[in-house]
Amino acid sequence: MLQNSLTDTIKESLEKSLSYTEYNNLVERLVEEHKTSGPKQHEDLVYFTKLNAHRVKRLNKTIELTPDIEQLAKAVDSPQTWLVLSESWCGDAAQTLPLIHKVAEANALITLRIVFRDEHLPLMDEFLTNGGRSIPKLLILNSELEVQGTWGPRPEQAQALYNSWKNDPNKPPYREFQVEMQKWYLADKGVSTFQEISAVLKAIKRVQTVSS
């Protein structure tokens, strides 16, 4: 997609985007109504939406920034919009969105906005992972809505775990695999996510330094 066309798609998505608080409030309403986001109201997706809402509440209370990511966030000296593609049923989003929010919260120049993937497929299809619409996907935009960097859908070690499960001809049901993924996230304590987003911010800063 040409940059102008991509920018238009981003603008359209931002117009319908939610703040972190608005997103979580909407997820809470879905839980109360025994629903999930997206067009498929499947029992498993409703179950994961409820489970994720609890995970997000816990992380909101317990997550702390690492010194490196906090320093990098505070060093951002021009406006950025962090646009995340997500869905309420996505376990990886529940594990990483609170961390992304915490980083963005460290600097008033960073604005976090969230959209539901299935309502914004033209945007999602510009940022596929191995040909799939994997979420969450973080897009870091400058004031001109140009994409400066991306991250997602999950830390590299978690991605390797997921790939191993997906490629296993005798793989267990997804619900069982999710237990293993949850154990990984609990043990990691957000360190890998912060490290990888730190790497993205450092790369953006290097490009800005060279350009200036």
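## Helix 7 and helix 8

How are helix 7 and helix 8 oriented to each other, roughly parallel or roughly antiparallel? In this predicted model, helix 7 covers residues 156–166 and helix 8 covers residues 174–188. Their axes lie 11 Å apart, and the two helices pack at an angle of about 160°. Angles over 145 degrees count as roughly antiparallel, and helix 7 and helix 8 are therefore roughly antiparallel to each other. The crossing in which helix 7 passes helix 8 is right-handed.

Now for the residues that meet here. From helix 7 come Q157, A158, L161, Y162 and W165. On the side of helix 8, they meet Y174, F177, E180, M181, W184 and Y185. Sorted by class, the residues of this contact of helix 7 with helix 8 are 9 nonpolar, 1 polar and 1 charged.

## Helix 3 and helix 5

A second pair to look at is helix 3, residues 43–62, with helix 5, residues 91–105. Here the axes come within 9 Å and cross at roughly 15°. Angles under 35 degrees count as roughly parallel, so helix 3 is roughly parallel to helix 5. Helix 3 passes helix 5 in a crossing that is right-handed.

Helix 3 brings N52, R55, V56, R58, L59 and N60 to the contact, while helix 5 brings G91, A94, Q95 and P98. What classes do the residues in the contact of helix 3 with helix 5 belong to? The contact has 4 nonpolar, 4 polar and 2 charged residues.

## Two cis peptide bonds

Follow the chain to I135 and P136, and you will find them joined by a cis peptide bond with omega at about 5°. P136 sits in the loop between helix 6 (121–124) and strand 3 (137–141).

Another cis peptide bond runs from G152 to P153, where omega is near 10°. The loop that holds P153 lies between strand 4 (147–151) and helix 7.

## Positive phi in two loops

Where is H34 found? Its place is the loop between helix 2 (20–32) and helix 3. H34 is not a glycine, yet its phi is positive, at about 55°. With a relative accessible area of 62%, H34 is exposed.

N130 is not a glycine either, and it has a positive phi of about 50°. Look for N130 in the loop between helix 6 and strand 3. Is N130 buried or exposed? Its relative accessibility is 74%, so N130 counts as exposed.

How values were computed. Residues are numbered from 1 along each chain as its sequence is written. This is a predicted model: local features need pLDDT of at least 70, side-chain atom pairs count only at pLDDT 80 or more; totals for chains, interfaces and linings use all residues. Side-chain values use heavy atoms; hydrogens and water are left out. Axes are lines fitted to C-alpha atoms, for helices over the stretch in contact, and angles run from 0 to 180 degrees between N-to-C directions. Helices (H or I, at least four residues) and strands (E, at least two) are DSSP runs, numbered from the N terminus. Angles under 35 degrees count as roughly parallel, over 145 as roughly antiparallel, 65 to 115 as roughly perpendicular and the rest as oblique. A crossing is left-handed if the near helix is turned anticlockwise from the far one by less than a right angle, and right-handed if clockwise. Contact means heavy atoms within 4.5 Å. Ala, Val, Leu, Ile, Met, Phe, Trp, Tyr, Cys and Pro count as nonpolar, Asp, Glu, Lys and Arg as charged, and the others, Gly among them, as polar. Buried means under 20% relative accessible area, exposed over 50%, partly exposed in between (1.4 Å probe, protein chains only).
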